[in-house]
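Let us read a protein model feature by feature. Each turn takes a general idea, then the case at hand.

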Amino acid sequence: EFVQVMSPTHLKMKVWERGAGPTLACGTGTCALVVAAIRAGKIPRSGKEGVRVTLPGGDLFIEWREENNKVYMTGPATLSFQGVASLK
């Protein structure tokens, strides 16, 4: 993951997946990125609105809740590929 801090509540991220190259998004990587940025002191822990992370595939909103230490991700889900596989 490559990241740029745009503001205390906005990160910009590009994803490089080993074996696949650049991808449109990565939910687990985005969640890990926000937690790492907070722990490293790059951004503060935000409230219910979460941190906006802009990826090539669109924006995700990540919230790391202090009361239960869980990470929540919200954002749109869209069809990015459709195909048919022939299994032998």
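The dialogue below goes from the overall fold to single side chains.

Q: What kind of model is this, and how do I read its fold in one line?
A: This is a predicted model. Start with the order of the elements. Along the sequence the pattern is β-β-β-α-β-β-β. That gives one helix and six strands.

Q: What are the spans of the C-alpha trace along its principal axes?
A: The trace spans about 50 × 25 × 20 Å along those axes.

Q: How much of the chain is buried?
A: Of the 88 residues in the chain, 28% are buried.

Q: How do I read a strand, and which strands does β4 pair with?
A: In a regular strand the side chains alternate between the two faces of the sheet. Now the case of β4, residues 51-55. Strand β2, residues 10-17, runs parallel to β4 and is joined to it by three bridges. Strand β5, residues 58-64, pairs with β4 in the antiparallel sense, over five bridges. β4 and β5 form a hairpin, with two residues between them.

Q: Which residues are the bridge partners of Thr54?
A: Thr54 pairs with Lys12 on the β2 side. In β5 the partner of Thr54 is Asp59.

Q: Is β4 mostly covered or mostly open?
A: Mostly covered. Four of the five residues in β4 are buried. Arg52 is partly exposed, because its relative accessible area of 30% falls between the limits of 20% and 50%.

Q: How do I read a salt bridge, and how many are there?
A: Side chains of opposite charge can pair when their charged atoms come close. A search of the whole structure finds two salt bridges. In one of them, the side chains of Arg52 and Asp59 meet at 3.1 Å, N to O. Asp59 counts as partly exposed, at 24% relative accessibility. Recall that Asp59 is also the β5 bridge partner of Thr54.

Q: Which side chain does Arg65 meet in a salt bridge?
A: Arg65 meets Glu63, at 3.0 Å, N to O. Glu63 is buried, because its relative accessible area of 10% is under 20%. Arg65 is partly exposed, at 23%.

Q: Over which rings do charged ends sit?
A: Look for an arginine end above a ring. The charged end of Arg65 sits over the ring of Tyr72, 4.0 Å from its centre. The charged end of Arg45 sits over the ring of Trp64, 3.8 Å from its centre.

Q: How are aromatic pairs described, and how many are there?
A: A pair of aromatic rings is described by the distance of the centres and the angle of the planes. Here the count of aromatic pairs is zero.

Q: How do I read a loop residue: is Ser46 buried or exposed?
A: Ser46 lies in the loop between α1, residues 27-39, and β4. Ser46 is buried, because its relative accessible area of 15% is under 20%. A polar atom of its side chain lies 3.4 Å from the backbone oxygen of Gly50.

Q: Where does Glu66 lie, and is Glu66 buried or exposed?
A: Glu66 lies in the loop between β5 and β6, the latter being residues 71-74. Glu66 counts as exposed, because its relative accessibility of 63% is over 50%.

Conventions:
Residues are numbered from 1 along each chain as its sequence is written. This is a predicted model: local features need pLDDT of at least 70, side-chain atom pairs count only at pLDDT 80 or more; totals for chains, interfaces and linings use all residues. Side-chain values use heavy atoms; hydrogens and water are left out. Buried means under 20% relative accessible area, exposed over 50%, partly exposed in between (1.4 Å probe, protein chains only). A polar contact is a pair of N or O atoms within 3.5 Å; within protein, one must be able to donate a hydrogen and the other to accept it, and residues adjacent in sequence count only if both atoms are side-chain atoms. Rings of Phe, Tyr and Trp (its six-membered ring) pair if their centres lie within 6.5 Å; planes under 30 degrees apart count as stacked, over 60 as edge-to-face and the rest as tilted. A charge sits over a ring if NZ of Lys or CZ of Arg is within 6 Å of the ring centre and within 35 degrees of the ring normal. Two strands pair if DSSP finds at least two bridges between them. A salt bridge is a side-chain nitrogen of Lys or Arg within 4 Å of a carboxyl oxygen of Asp or Glu.
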